[in-house]
Amino acid sequence: MADIDRLISELSSLKTTSAVVIGGSRAYGVNDELSDYDLYVYSDVKPDKAFDNERGKVIEPLCSYAEIGNEYWEHEDNIILKDGTHVDIIYREFEMIEHLMDLQLNKGFAFNNYTTCFWFNLLNTKIMYDRDGTYKELQEKFNVPYPELLRKNIITRSKALIFEKLPAFDAQIEKAYARNDIISVNHRTAEFLASYSDMIFALNRIAHPGEKRIIAYALKYCKILPKDFAENITELLSDFSDKEKTLNAMHNIVNNLKDLLTEQGEM
């Protein structure tokens, strides 16, 4: 039995575990030699120190290195198995996912970026253990057409952040260059592209796959794309020290996006 299979078996045997699923590139079939494993463990209890200690007793013997109970993003264990496999184990509760899905799919709530990535994760994870069938039920419950209210709200919010309102990222990037603040340029550009990709996937009625391989995923699955989509993003990110080049690429992205939105009746 491979080390990852042993780990999944041990996690599934914990009395608090409701489900264990594989997400990320391993679930979607686009993994490469650098891909780690993303395991999502759904539990009956909210993670705390006692829960960390219980897991550590079964996880650490399988590892060459283990960090149990990290909370830099979600509650996680970040480990390296004895065979060298890197694994991120993320702990969640069903209640949190159901609340988020209701907020987005039923009420149309849009975030600043990556709005639908939890929905994408729920629908596309591979079930390894599902004690009561609850995870499968959630997948079926929320396997619905892209809600039009959510689509509209993401587009409206993203337009405001990309180019429409006073706090829009395009103006912030220009101000950052005027101050010669290259770190701010980098940060605002990342936010600009996050809102941009949120809008692109909403326009196409496709759940957002997350922060990795966005260009490749969009090119493969999105039928509605701005002119020079990949080329302009590549140009934008190629050299922040070249102010003229970066701003020209950003303006091209914004103008081509406006053209697309006009074509789609969203302006």
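Is arginine 55 buried or exposed? Select arginine 55: at 0% relative accessibility, this residue counts as buried (under 20% relative accessible area; exposed is over 50%, partly exposed in between, with a 1.4 Å probe and protein chains only).

Before moving on, note that this is a predicted model: local features need pLDDT of at least 70, side-chain atom pairs count only at pLDDT 80 or more, and totals for chains, interfaces and linings use all residues. Residues are numbered from 1 along each chain as its sequence is written, and side-chain values use heavy atoms, with hydrogens and water left out.

Aspartate 77 forms a salt bridge with arginine 55, with the closest N and O atoms 2.6 Å apart (a side-chain nitrogen of Lys or Arg within 4 Å of a carboxyl oxygen of Asp or Glu). Aspartate 77 is buried, at 0% relative accessible area.

The structure holds nine salt bridges. Select another, glutamate 148 with arginine 205, where the closest N and O atoms are 2.7 Å apart. Glutamate 148 is partly exposed at 43%. Arginine 205 is partly exposed too, at 41%. Salt bridges with shared partners join Glu148, Arg151, Arg205 and Glu266 into one network.

Next, pick aspartate 102 and lysine 107. Their salt bridge has its closest N and O atoms 3.3 Å apart. Aspartate 102 is partly exposed at 26%, while lysine 107 is exposed at 53%.

Last stop: threonine 189. This residue is buried, at 1% relative accessibility. Leaving aside neighbours within four places in sequence, threonine 189 is in contact with Ile173, Leu236, Leu237 and Phe240 (heavy atoms within 4.5 Å).
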